[in-house]
Amino acid sequence: MAPEYSLTKIHIHVATSKNGIPHTSNWNPRIGNFEYQETFTDITRSFDAHIPLDSSEQASSELYLSIHTEVDTYTCIVR
């Protein structure tokens with residue numbers, strides 16, 4: 001049977017400018033500094049994130065969203 005996929009971690013950051021996303025000088029994301037983080041221990045095939053926006057984010061005409069996930073595979077064995 002083919003392996004399935006499961007989320008193990010998700011990191012999300014919302015900003016009103018590209019510079020507002022935590023990053024290194026090379027523009028690589030600093031995921032440990034992302035505002036919202038979740039870790040999953042059970043098999044998780046999907047995740048709905050409801051991110052509250054602060055007043056500047058609500059007033060902005062553009063938002064920048066950065067998402068990083070970690071995914072594992074698993075095999076379901078039916079006996």
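Let us begin with E62, which sits in the loop between helix 1 (55-59) and strand 3 (64-74). Helices (H or I, at least four residues) and strands (E, at least two) are DSSP runs, numbered from the N terminus. The model is a predicted one, in which local features need pLDDT of at least 70, side-chain atom pairs count only at pLDDT 80 or more, and totals for chains, interfaces and linings use all residues. Residues are numbered from 1 along each chain as its sequence is written, and side-chain values use heavy atoms, with hydrogens and water left out.

How exposed is E62? Its relative accessible area is 48%, so E62 counts as partly exposed; buried means under 20%, exposed over 50%, and partly exposed in between (1.4 Å probe, protein chains only). Which residues does E62 touch, leaving aside its neighbours within four places in sequence? They are A15 and T16, where contact means heavy atoms within 4.5 Å. A15 lies 47 residues from E62 along the chain, and their C-alpha atoms are separated by 8.9 Å.

I turn now to the whole chain. Of the contacts with a separation of 6 or more, 74% join residues 24 or more positions apart. Buried residues account for 22% of the 79 residues.

Finally, the overall dimensions. Taken along the principal axes, the C-alpha atoms fill a box of roughly 55 × 30 × 20 Å.
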